[in-house]
Amino acid sequence: MPTMPWRMLLAAATLALGWSAARAADEEPLRIGVLEDLSGPNSENSGVGTVEAVKMAVEDFGGKVLGRPIQVLVATDQNKPDVAVSIARQWFGPQHVAMITGLPNSASSLAVNQIARETDKIDIVAAAASSDITGKGCSPNSIHWFMDTYASGSNLVSALISLGWDTWFFVTVDYNFGLALQADATRFIEARGGKVLGSAKHPLGETDFSSVLLRAQASGAKVIALANASADLDNAIKGAKEFHLVENGQHLAVFFLNTPNVAVVGQAEMAGSIGVTPIFPALNPETLAWSHRLVERVPAVHVPTAQQLGAYGAVLHYLKAVAAAGTSETGPVLAKMREMPVNDPMTRNGRVREDGRLLRDLYVFQVKPPSESTDPFDYFKVLKTIPAEQAFRPLKDGNCPYVR
């Protein structure tokens, strides 16, 4: 039998290796990373609830996309941007993660935005709120799914200034999220004829708000604006009650009032409080049914949050885009995510704008008294629906360097 020439052998081996590599790539799981705060101050609003929400989205999608199983990886950034960067590099690199979501810490999310750009991967910010995420810190590879400080500040300030509450004092968590919220809200207050009388900063994870609240009380401001969230917000509200600030005629502006705050402080005590949100458990029958599913799966989640509900919708939209694009490659998937309308139980007729901002309706709400609730998660009554195109910062004002 004649011997096969070495060139033919080399060509055959090369074809075989190429076929094996292509087959391995096709069979490799599509990996989604959930980068979370699992035990710190942001875990109340996101944490294990967001991890489970992502898993629920994968399951409801069918567990596979383009014939590939979907795998969910989980890690905590400890609310440290350098830790977030290290994990993102490992995930986007050797571990072949296609998309990272969760990201409740604004500083960490801004850092991961840039790693996603450098590695040409995708990140979807489902929990952090700094308006810089689609502003000066934006990335063409990033999508901001949760409400931001601009939207919350603008819409809540408008509601409260209309009531004649025109002098303000800020109690602000001292990192990007709180500082951006205070800066955004201050512009809205001054633009509407109000005045900021002062501010006091506190570290993330503060437990004793005595000194900052005494300064707020002494300012005489009509509104004490709490530019913080999660456990910090719980502790600030409790402190305000201890000092009887509301009883003495001052008002609390709670920019990121969320369902766990009501659960921790008490619905009766919070009744009448006004906030802004993109979604809440009892928004519609579908969101309420989903909320009960989540709590049944994770009893540690006492009541679902806007971030957790949103994370479910974000991952569903991502997987729909992968299926529609016919590939998990970043460019085609991002194009589909922007091209396709966002329609699921959590969002109606939303769209992803050029700067990565998810545009969707927002709701000005009031905390109901317990006597008006018809379900254990029925906390909020909608006072006003703000259309998506009016709710968020105009594209031209964001200064995102990747948008002309």
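User: How many aromatic pairs does the structure hold?

Analyst: The predicted structure holds 12 aromatic pairs.

User: Why is the pair of F280 and Y363 called edge-to-face?

Analyst: The ring centres of F280 and Y363 lie 6.4 Å apart, with the planes at 90°. Rings pair if their centres lie within 6.5 Å, and planes over 60 degrees apart count as edge-to-face. F280 and Y363 are therefore an edge-to-face pair.

User: What makes this a link between distant parts of the chain?

Analyst: F280 belongs to the loop between β11 and α11, whereas Y363 belongs to strand β14, and 83 residues separate them.

User: How do you know whether F280 and Y363 are buried or exposed?

Analyst: Buried means under 20% relative accessible area. F280 has a relative accessibility of 4%, so F280 counts as buried. Y363 has 13%, so Y363 counts as buried.

User: Why is the pair of F280 and F380 called edge-to-face?

Analyst: The centres of these two rings are 5.6 Å apart and their planes stand at 65°. The angle is to be set against the cut-off of over 60 degrees, so the pair of F280 and F380 is edge-to-face. Because F280 lies in the loop between β11 and α11 and F380 in strand β15, the pair ties together parts that are 100 residues apart in sequence. F380 is buried, with a relative accessible area of 5%. Ring pairs link F280, Y363, F365, Y379 and F380 into a cluster.

User: Which residues touch the most other members of the largest nonpolar core?

Analyst: That core has 103 residues, and I32, I124, W168, V171, F255, F256 and Y318 touch the most other members. Helix α12 gives the most to this core, with 11 residues. Among the residues that F255 touches are W168, F170, A225 and L226.

User: What makes strand β9 a mostly covered strand?

Analyst: Five of the five residues in β9 are buried. One side carries V223, A225 and A227, the other I224 and L226, and all are buried. In a regular strand the side chains alternate between the two faces of the sheet.

User: How do you know which strands pair with β9?

Analyst: Two strands pair if there are at least two bridges between them. β7 and β9 have five bridges, in the parallel sense, and F169 has I224 as its bridge partner in β9. β9 and β10 have four bridges, also parallel, with A225 opposite A253 in β10. From β9 the chain crosses through helix α8 to β10, and this β-α-β crossover is right-handed.

Definitions and conventions: Residues are numbered from 1 along each chain as its sequence is written. This is a predicted model: local features need pLDDT of at least 70, side-chain atom pairs count only at pLDDT 80 or more; totals for chains, interfaces and linings use all residues. Side-chain values use heavy atoms; hydrogens and water are left out. A nonpolar core is a set of buried Ala, Val, Leu, Ile, Met, Phe, Trp, Tyr and Cys residues joined through side-chain atoms within 4.5 Å. Buried means under 20% relative accessible area, exposed over 50%, partly exposed in between (1.4 Å probe, protein chains only). Helices (H or I, at least four residues) and strands (E, at least two) are DSSP runs, numbered from the N terminus. Contact means heavy atoms within 4.5 Å. Rings of Phe, Tyr and Trp (its six-membered ring) pair if their centres lie within 6.5 Å; planes under 30 degrees apart count as stacked, over 60 as edge-to-face and the rest as tilted. A crossover is right-handed if, with the strands pointing away from the viewer, the path from the first strand over the helix to the second runs clockwise. Lists of a residue's contacts leave out its neighbours within four places in sequence.
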